[in-house]
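Q: Could you walk me through reading this structure, one feature at a time?

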Amino acid sequence: MMSGAEGLYEMLRHVRPLHQWSAKVVADALAEHDVSMPMRAVLERLADGPQTVPQVARSLWLPRQVVQRLADAAAGLGFLRFADNPAHRRSRLAELTPAGRRVFAEIHDRELDELRELADRLDPADIAAAVRVLAALTTHAREVARRAGNDDGWSAPGPRPGEEIR
C-alpha cells in the first residue's frame, strides 16, 4: 500500500500533464475568439469584478507589466475598459465590457460542457476531495518555497489572501 506522502507525490506527477493537455484543449478553443491563454486568465480574474492591473498580476503570479500588456490588448479587442479608481488616483480599474463578459461566458460555458461528461462519471464527493487536496498541496508548496527563501523575486510574490487562483 502507498504511503500518504507517496500518494501525494503520485498526484503531483499527474499535475503537469493535466496542465499541458488542458492548456492545449483551451488554447484550441480560444483561437476563434482571438484570445490567448494568458488573456483568458486576465478575463477570468475580471469576471469576478473590476480590479487594478497590479491586483490581477498578483493573483496570476505574473509581473505587472505583462498583465498591463494583456489588459491593453484585451481593451483593443473591446473586451475590457479602464475606469477611474476611487481608491487610488493613479491605478485605474480594469473591468470587462459587455463584449468581454459575453466572450468569457462563451469560453467558460464551452469548458464546462467539455468537463460535464467526465463529471457525470465521477462521485461529487471525490471531486470535492480532489479540490481540497490540490488546494492543500498548493499551500504547502508555497510555504516550503517561502521557508527556503525561494520567492520569485517579483514585486508581487504571489496571490494575497482572497486572491488565490480558483
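A: Gladly, and let's begin with rings: those of Phe, Tyr and Trp (its six-membered ring) pair if their centres lie within 6.5 Å, with planes under 30 degrees apart stacked, over 60 edge-to-face and the rest tilted. Here there are zero aromatic pairs. This is a predicted model, so local features need pLDDT of at least 70 and side-chain atom pairs 80 or more, while totals for chains, interfaces and linings use all residues. Residues are numbered from 1 along each chain as its sequence is written, and side-chain values use heavy atoms, leaving out hydrogens and water.

Q: Which ring has the charged end of Arg 92 over it?
A: A charge sits over a ring if NZ of Lys or CZ of Arg is within 6 Å of the ring centre and within 35 degrees of the ring normal. For Arg 92 the ring is that of Phe 82, with the charged end 4.3 Å from its centre.

Q: How do the elements run from the N terminus on?
A: Helices (H or I, at least four residues) and strands (E, at least two) are DSSP runs, numbered from the N terminus. This chain has six helices and three strands, in the order α-α-β-α-α-β-β-α-α.

Q: Which strands pair with β3?
A: Two strands pair if DSSP finds at least two bridges between them. Strand β1 (residues 51-52) runs antiparallel to β3 (residues 93-96), joined by two bridges, and Thr 52 faces Leu 93 across that pairing. Strand β2 (residues 80-83) is also antiparallel to β3, over four bridges; there Arg 81 stands opposite Glu 95.

Q: Which residues of α1 are buried?
A: Buried means under 20% relative accessible area, exposed over 50%, partly exposed in between (1.4 Å probe, protein chains only). In α1 they are Ala 23, Val 26, Ala 29 and Leu 30. Their cover includes α2 (37-47) and α5 (98-119). Over the chain, 27% of the 166 residues are buried.

Q: Which members of the largest nonpolar core touch the most others?
A: Such a core is a set of buried Ala, Val, Leu, Ile, Met, Phe, Trp, Tyr and Cys residues joined through side-chain atoms within 4.5 Å. Among its 23 residues, they are Val 35, Met 39, Val 42, Leu 43, Leu 46 and Phe 79. The largest contribution, five residues, comes from α2.

Technical notes: Contact = heavy atoms within 4.5 Å.
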